[in-house]
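Work through these exercises with the sequence and the 3D view side by side. Try each task before you read its solution.

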Amino acid sequence: GRWATGRHMGMTYMLTTFNSYRGVVEAHGGPWEFEQCDLRCAGGIALGTYSEANVTCFKCSLGGFAWPIGPNSASDGVYVRDQSHCLLAECTVDKTGRVGGIGAYVRDKAGLYLMSCRLVHND
């Protein structure tokens with residue numbers, strides 16, 4: 001729900017979808033924290049933050065399963081919109097670009113903050 005919060009450590013989250021706007025994790029509230037987690041998506045978004053979400057990822061891997069771009073790539077690694085905020089620290093965003101997506105997409109009044117991150121194999 002909108003007021004839900006949580007902390008996840010050492011978890012792996014995976015999704016295969018034909019909907020390029022569907023996310024493995026879709027946060028609408030928070031705060032949410034992910035530490036040493038793996039968020040992988042074939043076809044959609046690895047991490048989506050919406051509404052007034054507040055998400056922090058530390059030492060996580062986000063993106064698709066395979067490169068070059070194909071059915072096992074993610075559309076976007078991180079999709080941040082509305083008034084949400086997302087911090088990625090020491091994370092890797094990779095294997096994205098399916099259906100015109102990119103590694104990190106920010107719109108509206110949202111904020112994305114990257115600290116010591118790697119963005120590789122993103123179109």
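A salt bridge is a side-chain nitrogen of Lys or Arg within 4 Å of a carboxyl oxygen of Asp or Glu. The model is predicted: local features need pLDDT of at least 70, side-chain atom pairs count only at pLDDT 80 or more, and totals for chains, interfaces and linings use all residues. Residues are numbered from 1 along each chain as its sequence is written, and side-chain values use heavy atoms, with hydrogens and water left out.

**Exercise 1. A buried pair**

Task: Find the salt bridge between aspartate 94 and arginine 40, and say which strands it links.

Solution. Start with the distance. The closest N and O atoms of aspartate 94 and arginine 40 are 2.5 Å apart. Aspartate 94 sits in strand β11 (residues 92-96) and arginine 40 in strand β5 (residues 38-42), 54 residues apart. Strands are DSSP runs of E with at least two residues, and helices are runs of H or I with at least four, numbered from the N terminus. Now check exposure. Buried means under 20% relative accessible area, exposed over 50%, and partly exposed in between (1.4 Å probe, protein chains only). Aspartate 94 has 9% relative accessibility, so it counts as buried. Arginine 40 is also buried, at 9%.

**Exercise 2. One arginine, two partners**

Task: Which glutamates meet arginine 7 in salt bridges?

Solution. Take glutamate 33 to begin. Its side chain meets that of arginine 7 at 3.2 Å, N to O. This pair links strand β4 (residues 32-35), which holds glutamate 33, to strand β1 (residues 6-9), which holds arginine 7, across 26 residues. Then take glutamate 35. Its salt bridge with arginine 7 is 2.7 Å, N to O. Arginine 7 lies in strand β1 and glutamate 35 in strand β4, so the pair ties together parts 28 residues apart in sequence. Finish with exposure. Arginine 7 is exposed, with a relative accessible area of 51%. Glutamate 33 is partly exposed at 36%.

**Exercise 3. The salt-bridge count**

Task: How many salt bridges are there by this rule?

Solution. The count is seven. Look also for a network: salt bridges link Arg81, Asp82, Arg107 and Asp108.

**Exercise 4. Around alanine 42**

Task: Is alanine 42 buried or exposed, and what does it touch?

Solution. Locate alanine 42 in strand β5. Its relative accessibility is 0%, so it counts as buried. List its contacts (heavy atoms within 4.5 Å). Leaving out residues up to four places away in sequence, alanine 42 touches Leu15, Thr16, Thr17, Phe65, Pro71, Asn72 and Ser73.

**Exercise 5. The whole chain**

Task: What do the strand count, the burial and the contacts say about the protein chain?

Solution. Count elements: there are zero helices and 14 strands. Take the overall dimensions: the C-alpha trace spans about 35 × 25 × 25 Å along its principal axes. Turn to burial: buried residues make up 47% of the 123 residues. End with contacts: among those with a separation of 6 or more, 72% join residues 24 or more positions apart.
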